[in-house]
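User: Can you take me through this model and tell me what the labels rest on?

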Amino acid sequence: MLGAAVPEGDHQARLGGRGGRFLARLNYLYLLLMLVVIAGILTAAMVMQYAKGELPCPLCLLQRVALFGIAYGIIQNFRGRFSYQNTGISLVFAVLLLIVASRQTLLDIYPRPGHEYIGTAILGLHMPVWSVIIASTIISAYALKLAILGGDEHLADYPAAEFPLLARLADFGAAYVIVLCLINLGSAVVQCGFGECHTMGYKLIENGLPGLWLK
Amino acid sequence: MMVAVFATMALAILVGQFGPRWLAALFLTACIGLFAWLFLFEIYSPEWGFRMPWLQTLLGAPGREG
């Protein structure tokens, strides 16, 4: 019957109540793991900054902002019901991360005065190269998720609150990301002031309060 | 400017978690705009513009060598 509406019950029956719920749980678990990985990457970047004294360059800081943007999209999915709008927000920031990281990789790929890969190399790769890998991995992870769970609007039928353990863990994750973001905001004020960012030192520490307005 | 990017992002995440969603979306949009502007500002060179002349991709014309 062309044009006939599919009864709601058929949709539920096709998915199977348990099956739909299982997929929704899997979806939230997947998102939670992504949030944990992103929080871990941001934590590692901050440990390298504060423990090893490696000041982040402006493009490095923008890459952190992009990671926070990806985390924002994930956190929003746990606040209410799952939405592909939030997935879209995360993907926008993942693409921004890829663009910035690719440009920085190309900027330093040919060592010359003032331009070379700086900081600790992990497994022989420096931070901007890792950022390209991280951005590609995040975009691939979303592609994989959409391939497996995509096209299923019923995921929105199960709010995160229906899975108390996952929702609680996501709340902790969100709180941790918020704290990380606020620390990064404070760190950006100390390092860059209200002017341009440099990697020579922390403007506020070296110049006091007038340093905040230095170019 | 970097501070403004981080501030708008922090506000977006905070409001997204505790406040109205439309306000979070507003801060997030502002953040993306500032992000794009700052990125272009950082990579622009008065000498080279947005080009990357240290990347030589031009092959020698056939017959020139050997």
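**Contacts, core and helix packing**

Analyst: Start with Ala71(A): leaving aside neighbours within four places in sequence, Ala71(A) is in contact with Leu35(A), Ile38(A) and Val177(A). This is a predicted model, where local features need pLDDT of at least 70, side-chain atom pairs count only at pLDDT 80 or more, and totals for chains, interfaces and linings use all residues. Residues are numbered from 1 along each chain as its sequence is written, with chains lettered from A and ligands numbered from 1 in the order in which they are written.

User: What makes Leu35(A) a contact of Ala71(A)?

Analyst: Two residues are in contact if their C-beta atoms, placed from the backbone, lie within 7 Å, so Leu35(A) meets that cut-off with Ala71(A).

User: Which residues touch the most other members of the largest nonpolar core, and what makes it a core?

Analyst: Ala71(A) and Met9(B) do, out of 66 residues. A nonpolar core is a set of buried Ala, Val, Leu, Ile, Met, Phe, Trp, Tyr and Cys residues joined through C-beta atoms within 7 Å. Buried means that 20 or more other C-beta atoms lie within 10 Å of a residue's own, whereas exposed means 12 or fewer and partly exposed is in between. α3(A) gives the most to this core, 14 residues. In chain A as a whole, 33% of the 215 residues count as buried.

User: How many helices and strands does chain A have?

Analyst: 7 helices and 0 strands. Helices (H or I, at least four residues) and strands (E, at least two) are DSSP runs, numbered from the N terminus.

User: Why are α1(B) and α2(B) called roughly antiparallel?

Analyst: They pack at an angle of about 160 degrees, with axes 8 Å apart. The axes are lines fitted to C-alpha atoms, for helices over the stretch in contact, and angles run from 0 to 180 degrees between N-to-C directions. Angles under 35 degrees count as roughly parallel, over 145 as roughly antiparallel, 65 to 115 as roughly perpendicular and the rest as oblique. The value is over 145, so α1(B) is roughly antiparallel to α2(B).

User: How do chains A and B meet?

Analyst: 21 residues of chain B are in contact with 29 of chain A. On the chain B side, α1(B) provides the largest share, 12 residues. That side divides into 18 nonpolar, 2 polar and 1 charged. Here Ala, Val, Leu, Ile, Met, Phe, Trp, Tyr, Cys and Pro count as nonpolar, Asp, Glu, Lys and Arg as charged, and the others, Gly among them, as polar.
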